[in-house]
Amino acid sequence: MPVTPQQLIQWKQQGRTIVALTAWDYGFAQILDQSGVDVILVGDSLAMVALGYETTLPVTLDEMLHHAKAVRRAVKQALLVVDLPFLSYQESVQQAIHSAGRTLKEAGAQAVKLEGGYPAIAETVAHLVRAGIPVMGHIGLTPQSVRQLGFKQQGKSPEEGERILSEAIALEQAGAFSIVVEHVPADLALQITQKLTIPTIGIGAGVHCDGQVLVTTDVLGLGTWKPPFAKSYVNLHELITQAVQNYSGEVRSREFPES
Ligand code: KIV
Ligand code: NA
């Protein structure tokens with residue numbers, strides 16, 4: 001049975017920690033799914049990871065759907081969540097329903113994720129949930145607002161912490177089933193996690209969240225840059241470079257093919 005949004009809420013009650021990673025194509029998504037990852041997110045970080053952009057801002061809904069469809073073909077067990085990209089939901093509730101609807105209908109996503117918690121976004125979330133679309137929130141450092149916030153930690157002052165906590169509460173009340181909490185102090189993430197009945201999925205937000213998410217290229221050591229809070233468990237960049245150089249050497253020396 002595939003993981004459901006409702007199951008994540010039950011896991012929080014049971015104290016079972018949620019494991020999430022990003023995917024952008026068929027091959028990696030299949031490995032993640034078969035490795036038993038609970039949540040696979042087609043994050044708009046694919047703008048950097050797969051498309052070579054410097055921020056998430058340029059990626060379009062059509063590009064997200066193209067990648068999400070490939071991931072959908074691979075994912076059998078994990079909960080498949082797809083990011084709504086910049087300006088595919090901020091314009092109006094109608095726009096958000098249209099974009100999220102396409103994400104479920106065309107790409108087969110089980111849920112969408114969108115950034116922000118201020119009153120307008122919470123209202124949008126309420127409309128999506130009423131339309132039958134499960135929504136994951138995303139607060140703290142929200143990369144689609146990079147031109148406003150930069151890439152720095154959020155919620156350091158008590159006032160900012162209060163604002164982020166109230167955004168989390170507004171999203172839960174709007175019917176979100178889970179919230180990504182990015183790059184905030186661990187004690188703020190703890191406060192949010194204790195206040196909510198829906199699970200928090202942390203990234204750069206300390207050990208107290210109900211789950212953790214990272215960008216898969218960071219975990220695998222595939223990118224050239226990773227944020228300080230990410231951890232690499234293997235250096236694939238190095239391993240792949242070695243393999244390619246070994247192949248190149250054998251082709252040039254005519255050691256490969258062997259006959
Ligand atoms: O786009 C993304 O990869 C994300 C996660 C890091 C939460 O939003
Ligand atoms: Na994202």
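Student: Where is the place of Pro257?

Tutor: This is a predicted model, in which local features need pLDDT of at least 70, side-chain atom pairs count only at pLDDT 80 or more, and totals for chains, interfaces and linings use all residues. Residues are numbered from 1 along each chain as its sequence is written, while chains are lettered from A and ligands numbered from 1 in the order in which they are written. Helices (H or I, at least four residues) and strands (E, at least two) are DSSP runs, numbered from the N terminus. A cis peptide bond, with omega about -5 degrees, joins Phe256 and Pro257, and the place of Pro257 is in the segment after helix H11 (236–252).

Student: Is Arg254 buried or exposed?

Tutor: Arg254 also lies in the segment after H11, and it has a positive phi of about 60 degrees although it is not a glycine. A residue is buried if 20 or more other C-beta atoms, placed from the backbone, lie within 10 Å of its own, exposed if 12 or fewer, and partly exposed in between. Because Arg254 has 8 other C-beta atoms within 10 Å, it is exposed.

Student: His183 has a positive phi too, so is His183 buried or exposed?

Tutor: The phi of His183 is about 50 degrees, although His183 is not a glycine, and the residue is found in the loop between strand E6 (178–182) and helix H9 (186–195). Because it has 22 C-beta neighbours inside 10 Å, His183 counts as buried.

Student: At which residue does UniProt place the feature "active site"?

Tutor: The residue in question lies in strand E6, and because 23 other C-beta atoms lie within 10 Å of it, it is buried. Two residues are in contact if their C-beta atoms, placed from the backbone, lie within 7 Å; leaving aside neighbours within four places in sequence, this residue is in contact with His138, Gly140, Leu141, Ile203, Gly204 and Ala205. UniProt positions are given in the numbering used here, with feature names shortened, and annotations may be inferred rather than shown by experiment. With that caution, the unreviewed entry places "active site" at Glu182.

Student: Which strand pairs with E1 over four bridges?

Tutor: Two strands pair if DSSP finds at least two bridges between them. The strand asked about covers residues 211–214 and pairs with E1 in the parallel sense, and there Gly211 is the bridge partner of Ile18. Gly211 is also the bridge partner of Ile201, and strand E7 (residues 200–203) pairs with this strand in the parallel sense over two bridges. The partner of E1 over four bridges is E8.

Student: What is the handedness of the β-α-β unit that E1, helix H2 and E2 make?

Tutor: Strand E1 (residues 18–22) runs parallel to E2, joined by three bridges, with Leu41 of E2 as the bridge partner of Thr22. Helix H2 (residues 26–34) belongs to the unit along with these two strands. A crossover is right-handed if, with the strands pointing away from the viewer, the path from the first strand over the helix to the second runs clockwise. The unit made by E1, H2 and E2 is right-handed.

Student: Which residues of E2 point the other way from Val39 and Leu41?

Tutor: In a regular strand the side chains alternate between the two faces of the sheet. In strand E2 (residues 39–42), Val39 and Leu41 point one way, and the residues named here are all buried. Those that point the other way are Ile40 and Val42.

Student: What is the largest C-alpha distance among the residues of the "binding site"?

Tutor: UniProt, in an unreviewed entry, places this feature at Asp44, Asp83 and Glu115. Although they are spread over 72 residues of sequence, they cluster in space, and the largest C-alpha distance is 10.9 Å.

Student: Is Asp44 buried or exposed?

Tutor: Asp44 lies in the loop between E2 and helix H3 (46–49). Beyond residues up to four places away in sequence, it touches Thr56, Val59, Met64, Asp83 and Pro85. Because 31 other C-beta atoms lie within 10 Å, Asp44 is buried.

Student: How many residues of the shell around ligand 1 are charged?

Tutor: A residue is near a molecule if its C-beta atom, placed from the backbone, lies within 6 Å of it, and the residues around ligand 1 include Thr22, Asp44, Asp83 and Ile203. Ala, Val, Leu, Ile, Met, Phe, Trp, Tyr, Cys and Pro count as nonpolar, Asp, Glu, Lys and Arg as charged, and the others, Gly among them, as polar. The shell has five nonpolar and three polar residues, and the number of charged ones is two.
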